[in-house]
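This report concerns a predicted model.

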Amino acid sequence: MITKVLEAGNHTATIHFVLLGFPTRPAFQLFLFFVFLATYLLTLLENALIILAIRGDRQLHKPMYFFLSHLSFLEMWYVTVISPKMLVDFLSHDKTISFNGCMTQLYFFVTFVCAEYLLLAVMAFDRHVAICNPLRYPVIVTNQLCGTLAGGCWLCGLTTATIKMVFIARLHYCGKPHINHYFCDISPLLSIPCEDSSQAERVDFFLALVVIAIPLCAVVASYTTIVSAILRIPSSQGRQKAFSTCASHLTVVILFYSTTLFTYARPKLMYTYSSNKVVSVLYTVIVPLLNPIIYCLRNQEVKAALKKTILCKGSRSRGDVALSN
């Protein structure tokens with residue numbers, strides 16, 4: 001255990017945290033360990049395959065798949081920030097986490113969540129230009145613009161996380177604080193300081209609304225014009241083909257935005273820990289697992305590239321075995 005001691009006024013504050021996680025029987029804890037371990041490894045495998053497929057297939061060297069590869073890369077780190085510590089806690093009686101470890105986990109978690117909000121909005125903009133202005137699409141959505149938009153998503157995520165951490169990390173926590181969650185999330189942390197945390201709560205709530213509301217408005221505006229453009233297509237086959245290019249992204253947007261909006265765009269008085277743990281599992285574990293599956297089921301190009309990637313890897317392995325013999 002790493003312990004940090006700070007002088008807070010006239011009393012000493014011992015800074016380390018206990019993650020309460022999922023308080024269940026030991027046998028069920030073991031069951032949860034294997035379930036979440038399998039989910040974590042499968043999530044890493046799925047997203048890694050999508051990145052390899054996009055990099056290896058020239059037909060997927062398009063803006064839409066460039067952003068998809070960034071989404072897969074982001075979600076690999078997104079789940080890695082949370083899952084390893086959660087898995088260790090399932091098997092350990094000592095569920096403590098150091099102050100520095102907790103703040104580091106929170107910082108990168110906020111970074112990846114904010115970056116994903118913005119990246120999904122950027123992907124909606126890409127689909128908007130492709131469907132509503134297809135002739136000018138190559139001129140508007142250039143490689144330079146794609147790189148700038150992707151870099152902007154990461155930069156905004158890092159900036160938002162830094163601002164939040166300035167207000168949260170300087171709060172004083174007394175004794176042995178218990179965090180009623182399975183990872184260091186903002187709302188549980190803001191409920192346990194031994195000083196007034198209202199300023200940090202206001203900053204967190206304002207930034208959460210900005211980071212969620214602006215991308216959400218962009219997504220709604222993009223899909224409003226997309227639906228309007230699709231309905232004007234005369235043939236039913238044309239409408240179906242146009243809709244299929246954005247159906248996967250729209251599904252992912254609904255899953256991610258609905259679960260995180262429920263958690264973070266609410267004042268503290270409306271916060272309930274039991275319901276938030278369940279919802280948090282949805283967007284930290286289930287959604288990253290489902291996203292690659294959704295894109296594969298709805299997108300024939302990705303599906304074909306994945307088959308090619310898997311078959312190539314398999315044939316290479318068999319070839320290596322044959323050469324060694």
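The side chains of aspartate 89 and lysine 85 form a salt bridge, with an N to O distance of 3.1 Å. Both residues belong to helix 2 and stand four residues apart, about one turn of the helix. Aspartate 89 has a relative accessibility of 7% and therefore counts as buried, since the cut-off for buried is under 20%.

## Further salt bridges

The structure contains three salt bridges. Side chains of opposite charge can pair when their charged atoms come close. One of the bridges joins arginine 127 to aspartate 126 at 2.9 Å, N to O; arginine 127 and aspartate 126 are both buried.

Another joins lysine 164 and aspartate 204, whose closest N and O atoms are 2.9 Å apart. This pair connects distant parts of the chain, as lysine 164 lies in helix 5 and aspartate 204 in helix 7 (residues 198–231), 40 residues apart. Lysine 164 is buried, at 7% relative accessible area, and aspartate 204 is buried at 11%.

## Packing of helix 2 and helix 5

Helix 2 (residues 63–91) packs with helix 5 (residues 143–168) at an angle of about 25 degrees, and the two axes are 10 Å apart. Angles under 35 degrees count as roughly parallel, so helix 2 and helix 5 are described as roughly parallel to each other. Their crossing is right-handed.

Helix 2 contributes Pro63, Phe66, Phe67, His70, Phe73 and Leu74 to the contact, while helix 5 contributes Cys146, Gly147, Leu149, Ala150 and Trp154. Nine of these contact residues are nonpolar, two are polar and none is charged.

How values were computed:
Residues are numbered from 1 along each chain as its sequence is written. This is a predicted model: local features need pLDDT of at least 70, side-chain atom pairs count only at pLDDT 80 or more; totals for chains, interfaces and linings use all residues. Side-chain values use heavy atoms; hydrogens and water are left out. Axes are lines fitted to C-alpha atoms, for helices over the stretch in contact, and angles run from 0 to 180 degrees between N-to-C directions. Helices (H or I, at least four residues) and strands (E, at least two) are DSSP runs, numbered from the N terminus. Angles under 35 degrees count as roughly parallel, over 145 as roughly antiparallel, 65 to 115 as roughly perpendicular and the rest as oblique. A crossing is left-handed if the near helix is turned anticlockwise from the far one by less than a right angle, and right-handed if clockwise. Contact means heavy atoms within 4.5 Å. Ala, Val, Leu, Ile, Met, Phe, Trp, Tyr, Cys and Pro count as nonpolar, Asp, Glu, Lys and Arg as charged, and the others, Gly among them, as polar. A salt bridge is a side-chain nitrogen of Lys or Arg within 4 Å of a carboxyl oxygen of Asp or Glu. Buried means under 20% relative accessible area, exposed over 50%, partly exposed in between (1.4 Å probe, protein chains only).
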